[in-house]
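Subject: The structure you asked about

Hi,

Here is the structure for you to open. Have a look around it, then read the notes below.

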Amino acid sequence: VSHTPLLSRIAGTCYWMARYLERSDHIARTVTQAYWLSLRADERDAPVLPLERIASIHAERSLIEALPAPREPGALLALLLVERANPGSLWCCVRAVRENARVARPMLTNVLWESINTIWIEARGLDPDALATRGIEDVLTWTRQRCQWIRGAIDEFLPPAVSRMIRIGTRLERIDNLVRLLGLVIPEPVHRPCLGERLERTWLAVVESAGLGDWVRRQVGCERSLPGLVQLLVRDREQPRALANLSAALLDDLEDLRQPAVASVVDAAELLTECVRGVDLRAMDAVPGALDRMLRLVAQCHQGLQTGLFSPAPSDPLPIPDRASLAPPAAPPPSPAVAVLPTGGQEQRQGQTRDH
Amino acid sequence: MPIPTLPHLSPHARGVAYHEMRSDGGLRPDCKPLDAWLRATSAEALERKRIEAQRLFTRRGITFAVYGDESEGERLIPFDVIPRIISSADWKLVQRGCVQRVRALNAFLNDIYHDQEILRAGVIPAEEVLGNKLYCAAMHGVEVSGQVHAHIAGIDVICVAPSQWYVLEDNLRTPSGVSYMLENRAAMRRLFPELFMQQRIAAIDHYPDLLLRNLIHCRPAGTETPTVVVLSPGSANSAYFEHAYLAERMGVMLVEGQDLFVDRDHVYAHTIDGPCRVDVIYRRLDDDFLDPLAFRSDSLLGVPGLFAAYRAGHVTLANAVGNGVADDKATYIHVPAMIRFYLGEEPVLSNVPTYKLKDPGDRAYVLEHLEDLVVKEVHGCGGYGMLIGPTASQAEREAYRARILADPSDFIAQPTLALSTCPTFVAQGIAPRHVDLRPYVLSGAQVEVVPGALTRVALKEGSLVVNSSQGGGTKDTWVVADAS
């Protein structure tokens, strides 16, 4: 008895399904925090609205610039949540989860497929009017709950190879999201052990956005200093969403593939793990450079999987990355290179032949 | 010239269609439990169940796409919650007739691509087969495993009177709809378990197992543990749900052309563990798109070199290439003769009398009686491109007349059929609607049919078009043991 082999293309579909699911959850969490901040009178005078910062991760610059000035929270929310033309919007991400699941359908369990399909049925009518009718918080809470629901349906009855692809996609996306989120706020910190009130608010919003709010509240004596919070997000041994734990787990999954075609990905993941371990949290000036390097390594992992494993016709194994090219820059750049998250996965293709 | 008149094929028979629950004016005994249930169930309760069924189908993603209707995206096929009941005696007749027909059609396909005895015997004019645009010359001499060409056949039959069934059409290329047959049953079982307890309804759930068993049986010679796959054009295809459903139920890979490659006349799938040899392909892709090297060079859906691997006997394609010549409407006329020629039997199920418009006498008659007839394209399918004379406007009939005159050999005509009716839950309540039936015939070690079929129902009052692409719906079909 053996499991049905996993097609390379479907492995990619499962990976993308997981990435989009994680991204949907992440958008819901970050927008919730940014939305709350935007309702505070003392935040409105900030040079860049928190929502606009979040939008810089989830929307192309041109889409943001096309919004009428001054950019109103409502317009930014619509762009982030329901804009069909923005591939990074919540609506598009939920649709992408469902489309990828539909393609991978025979490899998923009925419960998982129906959970995902149900969410799409509920989400497909989301538009600015629906946002107004239901209320922003209701939509965001619903999204987070539904994402948890799907995670609950990702169970042990999935073929092991599918589970692994879902884990890899989830972890890579989680790392990518967290690094980008840190990149938004790291340029700001001042070097003091205790945060100012506004900065503390910002960092707690980051913690909540990373899905760690409950974790922090349950930690006795959790230090709410900047190094303490960065430690929690980057290197906390106990905290499963810390970058160090995520990258180590990602490396384990990639090594389990035992695929020569992804040797370069394993190598990049090793470098990522080393990079996370090596961040000197006492020297905050070095953190932006480290984040930038992490992003490049995440992109390298992603690219290596795309071309080495998910492509229907994998070519020769990718060349092992040149470690020198991935070495930390001599001088840290002014800010991490935060670009819009990648998109991909299921696309419409020629398919117009008829059954009878 | 007029074809022989049959009592239930009168031109305006729609008004006197046979109501399947009645026999000789009374209620059929095997329909009594359903009748009692319908009488005891309010319209509100049926509506609640209809909505529940719709939710269930939506949640499970049981959808199809309508070509040329980009705005609609995926649609649900309307599902009627009132089942259709077929007596076991009627079912045996249909089953026997369909099995007989598919045996003859398989023999015909094997013959015309080899010795062509039926043509040499003059049973069918050679030019009608060899000149048919669906005859695939490249298949000549190709040995297919077990001499099975139509592994999966959908035979469209209609009932016009008690125990009087006619074959309307054979589908031997990529017949679809079996997933709806299975999902309709699952939905009914969930919605109305009490009805299943009251009657002995034949089970159909084992269809995917039979299908897999037959596909495995037809594996290339020398293959011990074959890898079976379902080949789909992709998620944009109208029947993608069905492709995914069957792959999932059989536990096999659902592949697209891009997932396969051919190396030294063997077919492989790209998997994360490396190339995986593929032995049997249940393809849901038209012949033209299968292999850009052998057929349409612009196909992005196929697999270069697949036909060479097939010819070499290294992979089984189900259904075989070139089946179109046996299921088009021009060849349909000859199926009874095939049955007599290959099997030495009389047809169990009759054909609907058919006019060949390339015949001048038939053509003249049809053109004079367009308002009474149904005219179909010889290579048409899905209810597209046909003229239903009695319901068409004068302008539509005249436009069709011009098409016929431009190329008469592209058309056949049949009397307007008195398709039987079944009680159907519609907006006005329970009303009779016309139905047809598609049993799925599997060929492999033997030719077999699960005791059930897809019933398609024309939901509009008086309509005879049952195709889902044109507003038709489906019903669960119950083969029930006789009440006695």
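A residue counts as buried when its relative accessible area is under 20%. Gly177(B) has a relative accessible area of 4%, so Gly177(B) is buried. Keep in mind that this is a predicted model.

**Gly177 in chain B**

Where does Gly177(B) sit? Its place is the loop between β7 (164-171) and α6 of chain B. Leaving out residues up to four places away in sequence, Gly177(B) touches Glu242(B), Tyr440(B) and Leu454(B). Now look at Arg438(B). It is 261 residues from Gly177(B) along the chain, yet the two C-alpha atoms are separated by 8.5 Å.

**Two helix pairs**

Two packed helices are described by the angle between their axes and the distance between the axes. Here is one pair from each chain.

Start in chain B. Helix α6 (residues 178-191) packs with helix α9 (residues 240-250) at an angle of about 70 degrees. Their axes are 9 Å apart. That angle makes α6(B) roughly perpendicular to α9(B). Which residues meet? From α6(B) come Val178(B), Ser179(B), Tyr180(B), Leu182(B) and Glu183(B). From α9(B) come Phe241(B), Glu242(B), Tyr245(B) and Leu246(B). The residues of this contact divide into six nonpolar, one polar and two charged.

Now go to chain A. Helix α10 (residues 197-209) and helix α12 (residues 226-234) pack at an angle of about 10 degrees, with axes 11 Å apart. These two helices are therefore roughly parallel to each other. On the α10(A) side are Trp203(A), Val206(A) and Val207(A). They meet Leu226(A), Leu229(A), Val230(A), Leu232(A) and Leu233(A) of α12(A). The contact has eight nonpolar residues, no polar ones and no charged ones.

**Chain A overall**

Chain A has 15 helices and zero strands. How many of its residues are buried? Of 356 residues, 56% count as buried. Take the contacts in chain A with a separation of 6 or more: residues 24 or more positions apart account for 73% of them. The accessible surface of chain A comes to about 14,900 Å². Carbon and sulfur atoms make up 53% of that surface.

**A buried helix in chain A**

Next, helix α2 (residues 50-58) of chain A. Seven of its nine residues are buried, so α2(A) is largely enclosed by the rest of the structure. The buried residues are Pro50(A), Leu51(A), Glu52(A), Ile54(A), Ala55(A), Ile57(A) and His58(A). What covers them? The cover includes α1 (8-39), α3, α4 and α9 (160-185) of chain A.

**A one-sided helix in chain B**

Compare helix α1 (residues 32-40) of chain B. Its buried residues include Leu34(B), Asp35(B), Trp37(B) and Leu38(B). These cover an arc of only 165 degrees around the axis, which puts them on the same side of α1(B). An α-helix has 3.6 residues a turn, so residues three or four places apart point the same way. The face turned away from the buried side of α1(B) carries the exposed residues Arg39(B) and Ala40(B). The buried residues of α1(B) pack against several elements of chain B, among them α2 (43-60), β5 (79-87) and β21 (429-438).

**Backbone details**

Finish with the backbone. Which peptide bond in this loop of chain A is cis? It is the one from Ala69(A) to Pro70(A), with omega near -10 degrees. Pro70(A) is in the loop between α3 (61-65) and α4 (73-81) of chain A. In chain B, a cis peptide bond joins Ala318(B) and Asn319(B), and omega is about 0 degrees. Asn319(B) lies in the loop between β14 (316-318) and α12 (324-327) of chain B.

Gln116(B) is not a glycine, but has a positive phi of about 60 degrees. Its loop runs between α3 (88-112) and α4 (117-120) of chain B. Ser163(B) is not a glycine either, and has a positive phi of about 60 degrees. Ser163(B) is in the loop between β6 (152-161) and β7 of chain B. Buried or partly exposed? Gln116(B) counts as buried, at 16% relative accessibility. Ser163(B) is partly exposed, with a relative accessible area of 43%.

Best wishes

Conventions: Residues are numbered from 1 along each chain as its sequence is written. Chains are lettered from A and ligands numbered from 1 in the order in which they are written. This is a predicted model: local features need pLDDT of at least 70, side-chain atom pairs count only at pLDDT 80 or more; totals for chains, interfaces and linings use all residues. Side-chain values use heavy atoms; hydrogens and water are left out. Axes are lines fitted to C-alpha atoms, for helices over the stretch in contact, and angles run from 0 to 180 degrees between N-to-C directions. Helices (H or I, at least four residues) and strands (E, at least two) are DSSP runs, numbered from the N terminus. Angles under 35 degrees count as roughly parallel, over 145 as roughly antiparallel, 65 to 115 as roughly perpendicular and the rest as oblique. Contact means heavy atoms within 4.5 Å. Ala, Val, Leu, Ile, Met, Phe, Trp, Tyr, Cys and Pro count as nonpolar, Asp, Glu, Lys and Arg as charged, and the others, Gly among them, as polar. Buried means under 20% relative accessible area, exposed over 50%, partly exposed in between (1.4 Å probe, protein chains only). Accessible areas come from the Shrake-Rupley method with a 1.4 Å probe; for residues, only the protein chains shown count as cover. The arc is that of the directions from the helix axis to the C-beta atoms.
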